[in-house]
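Here are my notes for someone opening this one for the first time. Have the viewer ready and go through the points in order.

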Amino acid sequence: MTSRRDFFQMASGLAAASVGSVALAALPEPVIEDGATTRPPLNPPNGRPYHPVVTLNGWTLPWRMKSGVKEFHLVAEPVVREIAPGMKAHLWGYNGQSPGPTIEVVEGDRVRVFVTNRLPEHTTVHWHGQRLPNGMDGIGGLTQPHIPPGKTFVYEFTARRPGTFMYHPHADEMVQMAMGMMGFWVTHPRAQHPLIAPVDRDFCFLLNAYDIDPGSATPSVNTMLDFNLWTWNSRAFPGIDSLNVRLNDRVRIRIGNLTMTNHPIHLHGHEFEVTGTDGGPVPKTARWPEVTTDVAVGQMRQIEFIANEPGDWSFHCHKSHHTMNAMGHGVPTMIGVDHTGLAQKISKLIPDYMVMGERGMADMAEMAEMNMPLPDNTLPMMAGQGQFGAIEMGGMFTTLKVRADQKPGDYSDPGWYAHPAGSIAHEAAGPPPIPERAPESASPLGKPDDTNVRVRKPTGHAGH
Ligand SMILES: [Cu+2]
């Protein structure tokens with residue numbers, strides 16, 4: 001039997017080593033999940049105690065403690081991920097899901113991760129942001145041989161600094177990340193840390209994006225910018241669960257970006273501070289209040305706030321195209337175009353045809369509400385029903401639900417907020433007041449002429 005010390009020497013000598021048949025027999029059984037709902041936090045059954053995170057529409061990978069080493073088993077494999085009810089995607093991921101499970105350890109933990117490759121091509125795993133031996137960094141060709149299909153490699157290192165990290169392949173990266181291969185990693189502090197506050201709720205998710213044509217299920221892996229599904233943990237609203245917290249909880253949300261563009265993440269009703277990045281905790285003197293923070297490509301941000309305003313607060317990417325789903329892309333702007341009679345003519349040729357966007361795009365939400373026909377396996381541009389009607393959102397959108405009666409440790413959805421009487425925007429009673437206008441004499445130009453907007457038509461071509 002290989003002693004722990006021998007194994008360390010072997011691992012440090014061979015870097016990410018292929019697991020021999022004897023060691024393979026002793027692999028921890030991989031844990032596979034196939035649902036897409038948010039799992040309750042995994043309280044550590046052994047090792048140093050910590051307050052676990054909750055992975056939005058995801059889960060934490062259990063480990064096996066072996067001679068003081070935390071052993072995890074990741075299986076890289078094709079998966080089916082429900083992006084939202086009504087649409088499933090053929091992705092690649094880990095242990096049955098895209099993203100893979102969150103890995104949670106404690107600062108100072110010795111960690112051993114077995115990676116079994118069940119993909120049709122080779123892969124590796126890079127541990128983004130970690131301090132580790134160079135040979136454990138997971139760069140195929142540079143720091144290790146690739147993991148061939150069917151093989152299991154082992155990575156081993158000490159989680160040296162606490163913080164917010166992620167993992168993803170560094171092998172055929174464009175394809176493998178476009179297919180959904182990524183996961184979250186949290187290293188908790190081993191003791192009270194001067195820059196890491198204890199929190200009541202700690203959420204995490206990765207920003208990702210897919211280009212999946214309506215009617216198909218596999219992402220176009222060559223797409224660079226024009227994605228049609230903007231997702232958190234491979235889920236699009238209304239498939240993204242709400243973040244449910246108790247009034248006055250201190251809340252931390254950890255976000256990593258593995259898309260091809262930046263995402264300004266915006267929270268309603270509260271100010272937050274960015275308390276950490278993948279580089280570590282932010283010094284207190286370098287924190288300032290924000291309601292939006294930009295998460296650039298390859299970055300991680302952790303935000304913190306006291307949830308002291310009850311309600312259903314929007315939490316979303318502020319790029320408005322990133323809060324819509326596939327069926328809105330490529331639709332021409334038809335605002336102001338008179339469609340009278342047109343729909344009947346077209347519907348003789350194309351049954352189910354409907355005119356969209358004559359008054360704006362809000363019709364698109366009605367379309368979802370009325371279950372109008374869509375191509376197979378895609379999502380309406382905007383969807384989601386609130387207590388007052390269509391929410392008209394998709395993509396990177398969800399809600400933070402703050403409730404006085406949410407129990408500590410209870411992450412279940414409390415339903416819609418019961419607004420106190422008289423606190424909801426409502427139709428004004430009686431005639432509206434006359435709007436104030438600046439007096440004419442206040443303008444140095446005097447009274448402006450009526451503005452004429454005319455089409456300027458060319459009157460001829462030079463040289464004729
Ligand atoms: Cu965005």
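**Notes on the model**

1. Helices (H or I, at least four residues) and strands (E, at least two) are DSSP runs, numbered from the N terminus. The bond between Ser-98 and Pro-99 is a cis peptide, with omega about -10°. There is another cis peptide bond from Phe-237 to Pro-238, where omega is near 10°; Pro-238 belongs to the loop between strand S13 (229-232) and S14. As background, most residues other than glycine have a negative phi, and most peptide bonds are trans.

2. A word on what you're looking at. This is a predicted model, in which local features need pLDDT of at least 70, side-chain atom pairs count only at pLDDT 80 or more, and totals for chains, interfaces and linings use all residues. Residues are numbered from 1 along each chain as its sequence is written. The mean pLDDT (the predictor's confidence in each residue, from 0 to 100) is 87 for the chain, and 81% of its residues reach 70 or more. Residues 1-15 have pLDDT below 50, and beyond near neighbours in sequence this stretch has 11 contacts in the model. A contact here is two residues with C-beta atoms, placed from the backbone, within 7 Å.

3. Now the overall make-up. The chain has 5 helices and 24 strands. Of its 464 residues, 40% are buried (buried is 20 or more other C-beta atoms within 10 Å of a residue's own, exposed is 12 or fewer, partly exposed is in between, with C-beta atoms placed from the backbone). Among contacts between residues at least 6 apart in sequence, 74% join residues at least 24 apart.

4. Which residues have the most contacts inside the largest nonpolar core? They are Val-115 and Leu-229, in a core of 87 residues. Such a core is a set of buried Ala, Val, Leu, Ile, Met, Phe, Trp, Tyr and Cys residues joined through C-beta atoms within 7 Å. Leaving aside neighbours within four places in sequence, the contacts of Val-115 include Leu-74, Ile-147 and Phe-153.

5. Next, an open sheet of 4 strands, ordered S6-S11-S10-S8 with mixed pairing. Strands S6 (103-106) and S8 (126-128) each have a single partner strand, so one side of each is left without a neighbour in the sheet. The twist from one strand to the next averages 25° (axes are lines fitted to C-alpha atoms, for helices over the stretch in contact, and angles run from 0 to 180 degrees between N-to-C directions). Antiparallel strands S10 (residues 163-168) and S11 (residues 183-188) are joined by 5 bridges; two strands pair if DSSP finds at least two bridges between them. Thr-164 has Val-186 as its bridge partner in S11.

6. A second open sheet has 5 strands in the order S14-S24-S21-S16-S19, again mixed. S16 (residues 263-267) has His-263, Ile-265 and Leu-267 on a covered face, with Pro-264 and His-266 on the uncovered one. S16 runs antiparallel to S19 (residues 292-295), with 4 bridges, and Ile-265 stands opposite Thr-293. With S21 (residues 311-317), S16 pairs antiparallel over 3 bridges, and there His-266 faces His-316.

7. Last, two non-glycine residues with positive phi. Ser-234 has a phi of about 55° and counts as buried, because 27 C-beta neighbours lie inside 10 Å. Asn-377 has a phi of about 50°; with 17 C-beta neighbours inside 10 Å, Asn-377 is partly exposed.
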